[in-house]
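Open the model in your viewer and keep the sequence panel beside it. Each stop below says what to select and what is there.

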Amino acid sequence: MIEATARFETGNGQKYLEQMCKHFAHKVEVIEADGHAEYRFSCGIGKLEAGRDALLLRVSAGSEAEFAETRAVMEDHLLRFAFKEKPEPLLWTKQHQDA
């Protein structure tokens with residue numbers, strides 16, 4: 001499993017989490033509770049955690065291609081929803097992969 005995390009600095013994390021939940025719920029399974037959300041895409045899993053000053057993103061997938069697609073879907077949608085903040089591309093940190 002390939003995993004990576006990113007942090008988006010914002011005071012609107014809960015707002016963006018809710019927007020993404022509403023958007024994706026029409027297309028994929030979405031689980032939302034207590035400032036957390038999980039999106040089950042065919043290519044992988046995306047997770048969000050809303051904090052006071054940031055939105056934490058985590059993506060995971062079984063292959064590099066699926067990972068790249070899941071990461072792109074999560075990042076592209078967040079950056080579009082947060083356009084008023086003039087966001088920069090996210091800096092992703094890959095987690096250790098099991099053999």
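The tour goes from the sheet to the helices, then to the core and the salt bridges. Keep in mind that this is a predicted model.

**Stop 1: the sheet**

Show the strands as a cartoon. You have an open sheet of 6 strands, paired antiparallel, in the order S2-S3-S4-S5-S1-S6. Now go to the edges, where strand S2 (29-33) and strand S6 (93-94) stand. Each has a single partner strand, so one side of each is left without a neighbour in the sheet.

**Stop 2: the helices on the sheet**

Select residues 13-24, helix H1. Helix H1 packs on the sheet and touches strand S1 (2-9), S2, S3, S4 and S5. Its direction makes about 30° with that of S3. Next select residues 64-81, helix H2. Helix H2 also packs on the sheet, touching S1, S3, S4, S5 and S6. The angle between the directions of H2 and S5 is about 155°.

Stay on helix H2 and pick His-77. Is His-77 buried or exposed? His-77 has a relative accessible area of 13%. The cut-off for buried is under 20%, so His-77 counts as buried. Leave aside neighbours within four places in sequence, and His-77 is in contact with Met-20, His-23 and Phe-24.

**Stop 3**

Select residues 45-50, strand S4. Show the side chains and look at both faces. Gly-46, Leu-48 and Ala-50 make up the covered face. Ile-45, Lys-47 and Glu-49 make up the uncovered one.

Find two opposite pairs here. Arg-40 faces Ile-45 of S4, and Ala-37 stands opposite Leu-48 of S4.

**Stop 4**

In soluble globular proteins, nonpolar side chains tend to be buried together. Here the largest nonpolar core has 27 residues. S1, H1, S3, S4, S5 and H2 each supply at least two of its residues. Which element gives the most to this core? H1 does, with 5 residues.

Select Phe-8 and Tyr-39, the residues with the most contacts inside the core. Then centre on Phe-8. Beyond neighbours within four places in sequence, its contacts include Tyr-16, Leu-55, Leu-57, Leu-78, Leu-79 and Leu-90.

**Stop 5: the salt bridges**

The whole structure has 6 salt bridges. Start with Arg-7 and Glu-9, whose closest N and O atoms are 2.5 Å apart. Arg-7 is partly exposed at 43% relative accessibility. Glu-9 is partly exposed at 49%.

Now show Asp-53, which meets Arg-7 in a salt bridge at 3.4 Å, N to O. Asp-53 lies in the loop between S4 and S5 and Arg-7 in strand S1, so the pair ties together parts 46 residues apart in sequence. Asp-53 is partly exposed at 46%.

Move to Lys-94 and Glu-64, a salt bridge at 3.0 Å, N to O. Lys-94 is in strand S6 and Glu-64 in helix H2, so this pair ties together parts 30 residues apart in sequence. Lys-94 is partly exposed at 41%, and Glu-64 at 43%.

To finish, select Arg-7, Glu-9 and Asp-53 together: salt bridges with shared partners join them into one network.

Methods:
Residues are numbered from 1 along each chain as its sequence is written. This is a predicted model: local features need pLDDT of at least 70, side-chain atom pairs count only at pLDDT 80 or more; totals for chains, interfaces and linings use all residues. Side-chain values use heavy atoms; hydrogens and water are left out. Buried means under 20% relative accessible area, exposed over 50%, partly exposed in between (1.4 Å probe, protein chains only). Helices (H or I, at least four residues) and strands (E, at least two) are DSSP runs, numbered from the N terminus. Two strands pair if DSSP finds at least two bridges between them. Contact means heavy atoms within 4.5 Å. Axes are lines fitted to C-alpha atoms, for helices over the stretch in contact, and angles run from 0 to 180 degrees between N-to-C directions. A nonpolar core is a set of buried Ala, Val, Leu, Ile, Met, Phe, Trp, Tyr and Cys residues joined through side-chain atoms within 4.5 Å. A salt bridge is a side-chain nitrogen of Lys or Arg within 4 Å of a carboxyl oxygen of Asp or Glu.
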